[in-house]
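I opened my notebook for a friendly look through this model. Here is what I looked up, entry by entry.

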Amino acid sequence: MSEYNFGGLHREYMKKAYSAVINVAEGAVRAGKTVDNVFVFAALLEKSPDKFHLATGSTLGNAKLNIGDCNGLGLEHIFEGRCRWTKYKGNEALEVMTSVGRRIVIFAGGKNSDSYKRIRGNSYGMWIATEINLHADSTIKEAFNRCLAAKDRRVFWDLNPSSPSSPIYRDYIDRYAAMSESGEVREGYYNYAHFTIFDNPVVTKERLDDIIAQYDPESVCYRRDILGQRCAAEGLIYRKFADSPEDFTVDEVDARIIDFVNIGVDFGGNRSRTTFVATAFAGHVLYVITEHVVKGGKGDIDPDRIAREFAAFIGEIRERWCGVQVKYVFADSEAQYLINGLRRYLAAIGENVKVMDSAKRAICDRIAFVNSLMSQGRFFILRGCDHLKEGLSCAVWDENSSADKRLDNFTSDIDILDAMEYSIERYMAKMGLPRRERQ
């Protein structure tokens with residue numbers, strides 16, 4: 001197929017993958033890792049003696065997008081004309097007519113601790129997983145167990161680099177490498193390759209420049225996604241902002257350039273505060289235009305007080321930016337009784353803005369998105385939003401965590417960051433999110 005163009009390192013990895021049991025492709029975004037695994041998986045599926053196989057991603061949607069579609073190079077395209085999407089025992093599945101008969105590839109998400117329950121009940125021959133580092137360990141263990149009875153057991157993983165102390169390295173990838181080096185497993189059993197974006201001949205110089213421009217060169221995402229390095233998340237999260245907050249501060253936002261406004265709401269906990277953040281969408285540029293902090297913790301504030309102050313917050317926006325549409329309110333989904341209180345109060349006063357649950361996307365994805373916008377000159381804060389400016393300037397990574405985690409010990413204002421992120425997180429795909437660049 002003319003669409004496929006594999007570089008030398010990729011061809012070497014794929015050649016070994018035809019016979020290796022466990023295959024791991026690690027490296028930068030857009031390096032071609034997933035395509036390699038999908039291509040070999042499809043070739044082996046054509047004559048596999050096993051009927052059932054497994055394809056997983058951090059979510060079901062991620063698995064279908066990266067493995068099923070894969071920018072036009074996935075399983076549904078390779079087997080075009082002899083495959084169909086269907087359901088098998090409640091699971092999404094791709095049914096493929098191969099040269100040896102009907103084969104079923106079960107698709108599932110794997111990031112939640114109970115995701116493993118979705119893949120029970122079948123024995124799988126091959127397992128292909130994208131973003132394996134975002135899978136729950138219970139899912140990984142269950143998938144391995146489900147493959148033990150396979151007639152031709154094969155495993156294909158890809159991932160972007162994580163922290164060197166991540167369990168995916170300690171418990172699996174580095175352990176397999178050590179077993180292979182010591183001779184504990186036969187030669188050729190384990191196949192590992194590391195790729196950078198520069199190893200992918202499909203990526204043009206222009207496209208490469210576009211991708212790199214989305215990143216802050218000082219950020220952990222740049223080192224991982226572009227340079228393909230395993231590195232710990234440490235230090236300031238928004239270094240570019242912390243170094244020069246005035247570069248991201250504006251004195252006014254003209255209502256005429258605003259398409260609409262969304263509001264994010266984070267409800268306070270025992271020691272934290274309830275916060276509102278309004279973000280204006282103006283084409284591909286975001287402006288945080290105002291904020292509000294309700295004094296006192298969750299236990300000190302009744303829902304009516306939150307609702308009253310929120311209604312006043314919307315009123316101030318409408319008065320200052322006359323004619324601007326307040327489109328959605330995205331509120332912390334873990335506090336349904338407070339969300340319902342907001343809805344009831346707003347309805348009672350005739351305010352018809354739609355109050356929805358926050359998407360609660362992964363914090364690291366939200367951070368990558370904001371850093372990307374900053375690097376591209378697409379994120380600004382109206383002067384006076386001092387709580388958010390302080391939150392962005394002081395946010396740091398938790399250096400004591402093996403996972404990428406924002407430090408939340410009350411030394412910085414995490415609540416205001418959550419509220420801001422809730423207001424924009426549902427638009428990450430539309431506006432460009434580097435963390436989800438296709439593999």
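I began with helix 5 (residues 137–146), where Thr-139, Ile-140, Glu-142, Ala-143 and Phe-144 are buried (under 20% relative accessible area, with exposed over 50% and partly exposed in between; 1.4 Å probe, protein chains only). Helices (H or I, at least four residues) and strands (E, at least two) are DSSP runs, numbered from the N terminus. I noted that this is a predicted model, with local features needing pLDDT of at least 70 and side-chain atom pairs pLDDT 80 or more, while totals for chains, interfaces and linings use all residues. Residues are numbered from 1 along each chain as its sequence is written, and side-chain values use heavy atoms, without hydrogens and water.

Next I asked what the buried residues of helix 5 pack against. I found strand 2 (52–57), strand 6 (126–130), strand 7 (154–159) and helix 6 (167–182), counting contact as heavy atoms within 4.5 Å.

I traced 7 strands in an open sheet, in the order 9-15-12-11-10-13-14, with mixed pairing (two strands pair if DSSP finds at least two bridges between them). Strand 9 (249–250) and strand 14 (354–357) are at the edges with a single partner strand each, so one side of each has no neighbour in the sheet. Strand 9 pairs with strand 15 (residues 379–382) in the parallel sense over 2 bridges, and Thr-249 stands opposite Ile-381 in strand 15.
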